[in-house]
Amino acid sequence: MSLSMEELEVTAQEVLGRLKSHQLFQSEWDTAAFVVFLTFVGTVLLLLLLVIAHCCCYCCCASSKPRKLRPGKERPKGMDNLAMEP
């Protein structure tokens with residue numbers, strides 16, 4: 001599996017040749033696949049940034065004590081199923 005020095009030199013020359021000719025991709029499909037890949041990576045990084053921002057803002061901006069409702073007024077839990085009513 002190891003590459004010889006000659007193979008590495010040939011690969012490096014191919015890459016440098018493509019860079020000089022400004023033709024990095026062999027076909028339009030390569031370009032399209034690269035754009036899709038970059039879009040995916042960008043979306044993942046954006047979501048990661050949003051998660052970090054949410055965690056930081058929630059930890060810093062959240063009040064230290066939770067809101068308390070008045071003792072006699074509790075929020076109802078669940079929903080009423082009107083189909084079960086007679």
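This report covers the fold, surface and cysteines of a predicted model.

## Basis

Local features need pLDDT of at least 70, side-chain atom pairs count only at pLDDT 80 or more, and totals for chains, interfaces and linings use all residues. Residues are numbered from 1 along each chain as its sequence is written, and side-chain values use heavy atoms, with hydrogens and water left out.

## Helices

The protein chain has two helices and zero strands (DSSP runs, numbered from the N terminus: H or I of at least four residues for helices, E of at least two for strands). Helix H1 covers residues 5-21. Its 17 residues should span 24 Å at 1.5 Å a residue (1.5 Å times one less than the number of residues). The end C-alpha atoms are 24 Å apart, which agrees.

His22 follows H1 and has a positive phi, near 60°. Leu24 sits in the loop between H1 and helix H2 (28-61).

## Surface

Of 86 residues, 0% count as buried (under 20% relative accessible area; exposed is over 50%, partly exposed in between; 1.4 Å probe, protein chains only). The accessible surface of the chain is about 9,200 Å² (Shrake-Rupley method, 1.4 Å probe). Carbon and sulfur atoms hold 66% of that surface.

Val15, Leu16, Leu19 and Leu24 form a nonpolar surface patch (residues with over 30% relative accessible area and no salt bridge, nonpolar side chains joined within 5 Å). Together they have about 350 Å² of accessible area. Leu24 is partly exposed, at 47% relative accessibility.

## Cysteines

The structure holds zero disulfides (pairs of cysteine sulfur atoms within 2.5 Å). Cys55 is partly exposed, with a relative accessible area of 41%. Cys56 is partly exposed at 44%.

Methods
Patch = residues over 30% accessible without salt bridge, like charges linked within 9 Å, V, L, I, M, F, W, Y side chains within 5 Å. Salt bridge = Lys/Arg side-chain N within 4 Å of Asp/Glu carboxyl O.
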